[in-house]
Amino acid sequence: MVVAACLPMMACGPMSQSAAEQECFERARLASGPRGTVAFGAGSGGAVSKVDVTISSDYLTGRDPAQIYETCVTQKTGQFPTVPLYQRPDWRG
């Protein structure tokens with residue numbers, strides 16, 4: 001009974017550094033500009049198209065992706081990121 005009461009509190013605990021950095025990286029990436037895909041095709045049923053666009057409120061308000069990343073990681077882990085956003089090899093802002 002006591003264990004069941006503790007489970008929700010454990011779910012709110014700090015994240016691992018790497019998990020927080022990855023989650024915050026995605027938020028910063030969306031703040032750098034809209035993301036999306038456009039697809040066109042044709043088949044026996046005729047032409048088909050699909051458009052998927054994601055625009056974050058951080059982008060619309062002009063927030064700095066590096067600041068978003070640093071603040072996000074710090075809030076989730078209590079520590080600064082191990083690598084700044086602009087020095088990550090996967091950053092293409």
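The model is a predicted one: local features need pLDDT of at least 70, side-chain atom pairs count only at pLDDT 80 or more, and totals for chains, interfaces and linings use all residues. Numbering starts from 1 along each chain as its sequence is written, and side-chain values use heavy atoms, with hydrogens and water left out.

Let's start with the fold. You'll find 4 helices and 2 strands in the chain, in the order α-α-β-β-α-α along the sequence. Here helices (H or I, at least four residues) and strands (E, at least two) are DSSP runs, numbered from the N terminus. Of the 93 residues, 23% are buried, where buried means under 20% relative accessible area, exposed over 50%, and partly exposed in between (1.4 Å probe, protein chains only). Contact means heavy atoms within 4.5 Å. Take the contacts between residues at least 6 apart in sequence: 59% of them join residues at least 24 apart.

Now for the inside. The largest nonpolar core has 9 residues: Cys24, Phe25, Ala28, Ala66, Tyr69, Cys72, Val73, Leu85 and Trp91. Such a core is a set of buried Ala, Val, Leu, Ile, Met, Phe, Trp, Tyr and Cys residues joined through side-chain atoms within 4.5 Å. Helices α2 (17–31) and α4 (65–77) each supply at least two residues of this core, and α4 gives the largest share, 4 residues.

What does Phe25 touch, leaving aside its neighbours within four places in sequence? Its contacts are Tyr69, Leu85, Arg88, Asp90 and Trp91.

On to the rings. Rings of Phe, Tyr and Trp (its six-membered ring) pair if their centres lie within 6.5 Å; planes under 30 degrees apart count as stacked, over 60 as edge-to-face and the rest as tilted. The count comes to 2 aromatic pairs:

| Pair | Centre to centre | Angle between planes | Type |
|---|---|---|---|
| Phe25 and Trp91 | 6.0 Å | 80° | edge-to-face |
| Tyr86 and Trp91 | 5.7 Å | 65° | edge-to-face |

Phe25 lies in helix α2 and Trp91 in the segment after α4, so their pair ties together parts that are 66 residues apart in sequence. Phe25, Tyr86 and Trp91 form one aromatic cluster. Within it, Trp91 is buried, with a relative accessible area of 15%, while Tyr86 is partly exposed at 48%.

Helix α2 also holds Gln17, which is buried with a relative accessible area of 18%.
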